[in-house]
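Hi,

Here is the structure I promised to pass on.

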Amino acid sequence: MQIKLKDGSIKEYDAPKTVYEIAQDISSGLARMACAGEIDGETVDLRTEVSKDCALNIITANEQEGLKVIRHTASHVMAEAVKRLFPDAKIAIGPAIEDGFYYDFENTPFSREDLDKIESEMKKIIKEGKPITRFTLPREEAIAYMKERQEPYKVELIEDLPQGSEISFYDQGGFVDLCAGPHLMSTKGIKAYKLISSSMAYWRGDEHKAQLQRIYATAFNKKDDLAAYLEHLEDMKKRDHNKLGREMELFTTVDVVGQGLPLFTPKGTKMIMKLQRWIEDLEDNEWGYVRTRTPLMAKSDLYKISGHWDHYKEGMFVLGDEEADKEVFALRPMTCPFQYYVYKNSQKSYRDLPYRMGETSTLFRSEDSGEMHGLTRVRQFTISEGHLVIRPDQTEQELKGCLELAYYTLSTLGLQEDVTYRLSKWDPENKEKYLGDATYWESTQDALRKILVEKQLPFVEADGEAAFYGPKIDIQAKNVYGKEDTMITIQLDCAIAENFDMYYIDENGDKIRPYIIHRTSMGCYERTLAWLIEKYAGKFPTWLCPEQVRVLPISDKYNAYADEVAAELKKNGVDVTVDSRSEKIGFKIRAARLDKLPYMLVVGQQEEADRTVSVRSRFAGNEGVKPLDAFIETLCKEIRTKEIRTELPEEEKAK
């Protein structure tokens with residue numbers, strides 16, 4: 001047989017060989033680094049036997065796929081260590097993920113001390129260097145095998161597999177785990193690892209199933225890579241909005257108020273108000289929107305017309321009992337059905353379209369308690385929601401406009417490089433979940449795909465992520481821990497107008513059903529604030545800062561001039577405070593730096609006499625003495641244009 005290698009060379013063999021044996025034949029160094037193979041594009045175990053002509057690539061520890069194999073093997077080593085230390089623990093699943101791996105266990109919660117003990121036990125297992133072997137069993141024998149080992153979660157996983165399946169297992173010297181592989185040849189292949197944290201997780205992500213304990217960990221091929229990752233992780237923890245936002249007193253949460261219901265302090269409120277006013281003015285004055293204000297709840301009748309009652313009821317807060325109460329209400333999870341009736345309030349002709357409605361909408365969704373996190377996943381939130389009622393011939397132009405508006409808001413906030421684009425489509429295998437037929441879905445998905453292609457935006461396609469009434473463009477971003485969330489969405493809906501008897505009068509006097517675009521221009525204000533906290537580590541662009549300038553008199557004698565400076569700044573719309581405490585100026589400067597303020601104005605005898613200010617900034621350190629009027633003019637321009645100033649390195653600021 002002929003084996004074509006990655007470099008184009010050919011290896012010939014008279015008898016079948018495993019991938020590992022071929023790697024050894026190529027070079028002993030390659031075999032030492034080998035983690036898996038790739039046969040004709042399919043990733044396979046090193047133990048896989050090659051018996052016919054094929055293209056073969058040896059995957060090494062220096063590649064992402066190889067790193068995935070190392071982490072998968074490390075998850076099995078961790079599971080064995082847990083079983084040694086906690087014999088009654090039951091093992092569930094333990095996959096490799098983007099930055100490491102995790103494993104779920106039925107056990108009491110793990111403390112940090114427990115994790116340290118598990119790490120030590122893993123070290124022993126790795127040092128033992130037991131070979132890892134693979135074997136298979138028929139499905140029924142595999143079920144019996146795991147029942148005998150008293151692993152109920154593994155039994156359930158096997159029972160979900162089709163009748164007649166051949167089930168694969170990996171054995172590392174007595175510890176056996178159900179797994180498809182691939183895995184390293186020996187536990188000795190794990191060079192650097194760290195157990196990061198432990199948390200609760202539901203079996204199969206279902207809150208109605210068992211609560212398990214999940215251990216998150218990571219592994220690398222080199223200790224230097226692990227050290228660099230852990231250093232990066234510490235930096236990310238410092239940026240975590242859930243920690244930093246509380247430290248900066250932007251928001252808080254209180255148990256008696258409820259999970260997923262954040263309280264915004266004056267500072268956080270001011271930031272959200274700035275974002276909201278900007279978006280509302282932008283939409284209304286530059287993008288042709290009309291503003292609406294609609295109720296926070298409605299009778300179930302409304303949601304039955306829209307389809308949300310059938311498709312989304314489980315995610316809603318329902319007030320009342322359909323069987324016992326004459327009227328049942330629900331807090332709104334979206335604004336679209338309300339705005340449809342604003343549109344229907346007066347008859348529209350083809351000349352009135354597009355009719356763009358915008359609303360700063362407070363919404364309510366019954367998220368699972370396990371999903372709550374800071375400001376990114378909450379039960380009450382506010383979005384820059386909008387619905388465009390359009391003629392079919394306006395579809396392309398209006399979709400482009402929505403995408404351009406979204407890109408503009410992202411660019412202004414400095415976030416445009418941090419997002420990815422996803423075309424969220426229906427799931428043709430579950431047609432009952434959606435309105436419309438296959439023709440409807442293919443045509444609407446094609447319309448969105450065309451816009452993304454024309455805008456030359458790289459995107460992925462995802463089945464089953466569409467809304468029940470239409471496909472959407474989702475603009476995605478990751479938090480500091482790598483979890484992806486939808487920040488902005490643009491949805492095309494050509495079906496719902498029928499439910500609400502929405503129409504416009506065309507040039508021939510006929511009633512025509514319009515199309516509807518559901519969109520956000522910036523998305524959820526809470527989630528955006530979380531994103532900004534993590535992006536800028538709390539050092540926001542000046543226009544967004546709740547406190548833009550702090551005036552620092554060098555002694556009490558200059559408090560009056562400091563107040564005068566602050567008054568002039570306030571006249572020009574600047575958010576300013578005065579630090580009139582009887583403290584040394586060095587103390588005041590350090591305090592302002594810790595508060596991540598953009599500007600500090602130091603004033604004393606000379607500044608008062610010359611009507612100047614000594615400017616210190618986050619961006620350039622000591623900027624020198626400037627006339628007050630000149631500083632105000634420059635600052636107001638920075639705020640008005642929403643400039644994002646680049647910060648100099650600390651050593652440059654000190655010069």
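Predicted model: local features only at pLDDT ≥ 70, side-chain atom pairs only at ≥ 80, totals over all residues.

Cys35 counts as buried because its relative accessibility is 2% (buried means under 20% relative accessible area, exposed over 50%, partly exposed in between, with a 1.4 Å probe and protein chains only). Cys35 is in no disulfide, and the nearest cysteine sulfur, that of Cys179, lies 15 Å away. Cys524 is also counted as buried, at 12% relative accessibility. Cys524 is in no disulfide either, with the sulfur of Cys336 as the nearest one at 16 Å.

Residues are numbered from 1 along each chain as its sequence is written, and side-chain values use heavy atoms, with hydrogens and water left out.

Now the sheet. It is an open one of 8 strands with mixed pairing, in the order 18-22-23-30-27-26-24-25. Helices (H or I, at least four residues) and strands (E, at least two) are DSSP runs numbered from the N terminus, and two strands pair if DSSP finds at least two bridges between them. Strand 18 (289-291) and strand 25 (459-463) are the edges; each has a single partner strand, so one side of each has no neighbour in the sheet. On average, neighbouring strands are turned by 30 degrees against each other, direction ignored. Strand 18 pairs with strand 22 (residues 355-364) in the parallel sense over 3 bridges, and Val290 has Met357 of strand 22 as its bridge partner.

Two helices to look for on this sheet:

- Helix 12 (residues 336-343) touches strands 22, 23, 27 and 30, and its direction makes about 145 degrees with that of strand 22. Contact means heavy atoms within 4.5 Å, and angles run from 0 to 180 degrees between N-to-C directions, with axes fitted to C-alpha atoms, for helices over the stretch in contact.
- Helix 16 (residues 525-536) touches strands 22, 23, 24, 26, 27 and 30, making about 40 degrees with the direction of strand 30.

Lastly, helix 17 (residues 559-571) packs with helix 20 (residues 628-640) at about 35 degrees, their axes 11 Å apart. Val565, Glu568 and Leu569 of helix 17 meet Leu628, Phe631, Ile632 and Leu635 of helix 20.

Cheers

Conventions. Disulfide = S-S within 2.5 Å.
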